[in-house]
Amino acid sequence: QVRLMESGGASVQAGGSLRLSCSVSRLDPTTNLYCMNWFRQPPGKGREWVAQIRALDRGELYGRSVKGRFVISEDNDKTALYLEMNALKPEDTAKYFCSASIFTGDCPVTPGRQNYWGQGTQVAVSS
């Protein structure tokens, strides 16, 4: 079991920056490897994959809409996940969620294949 909790959401002007955090707590001992992700859900829309840290090499992947602007990272003990957001646009307005999927051979970027979710933190970008 993994508990995830996001923080850091705020209202920010377009072009600004914001850093989101996600605490990662393992509630029971496990040898599982996890893929870590950020998703976002704009008002009235579906959940969209934003960024990922792969399970094995801990490499970074980004969705097309945020590549070059956002940076995903984690503490070396994997107890916290971060999303540095730069050059924010109004279309980045969404509730942002961190997620974890148990690595079983790949790291999916679809919401339905995530095993654990945080409650989300709201980001509003105004022009």
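Colleague: Why is P29 called exposed?

Modeller: The cut-offs settle that one: buried means under 20% relative accessible area, exposed over 50%, and partly exposed in between, with a 1.4 Å probe and protein chains only. P29 comes out at 82% relative accessibility, so it counts as exposed. Its place is in the loop between β3 (18–26) and β4 (34–41).

Modeller: Bear in mind that this is a predicted model, where local features need pLDDT of at least 70 and side-chain atom pairs count only at pLDDT 80 or more, while totals for chains, interfaces and linings use all residues. Residues are numbered from 1 along each chain as its sequence is written, and side-chain values use heavy atoms, leaving out hydrogens and water.

Colleague: Which other non-glycine has a positive phi, of about 60 degrees?

Modeller: That would be R58, in the loop between β5 (48–53) and β6 (60–62).

Colleague: What are the partners of β11?

Modeller: Strand β2 (residues 11–13) is joined to β11 by 3 bridges, running parallel, and Q13 stands opposite S126 there. Strand β9 (residues 94–102) also pairs with β11 over 3 bridges, but in the antiparallel sense; A94 has V123 as its bridge partner.

Colleague: Which residues of β11 are on its covered face?

Modeller: In β11 (residues 121–126), T121, V123 and V125 make up the covered face, and Q122, A124 and S126 the uncovered one.

Colleague: How many helices and strands does the protein have?

Modeller: There are 0 helices and 11 strands. Both are DSSP runs numbered from the N terminus: helices are H or I over at least four residues, strands are E over at least two.

Colleague: What makes you call the fold as compact as a globular protein of that length?

Modeller: Its radius of gyration, taken over C-alpha atoms, is set against the globule rule, which is 2.2 Å times the number of residues to the power 0.38. The protein gives 14 Å, close to the 14 Å from the rule for 127 residues, so it is as compact as a globular protein of that length. The C-alpha trace spans about 45 × 30 × 25 Å along its principal axes, and 43% of the 127 residues count as buried.

Colleague: What share of the contacts joins residues at least 24 apart?

Modeller: With contact meaning heavy atoms within 4.5 Å, the share is 57% of contacts between residues at least 6 apart in sequence.

Colleague: How many side chains count as positive and how many as negative?

Modeller: Lys and Arg count as positive, Asp and Glu as negative; His and the chain ends are not counted. That gives 15 positive and 12 negative side chains, with the centres of the two sets 5 Å apart. Each charge is placed at NZ of Lys, CZ of Arg, CG of Asp or CD of Glu.

Key: Pairing = 2+ DSSP bridges.
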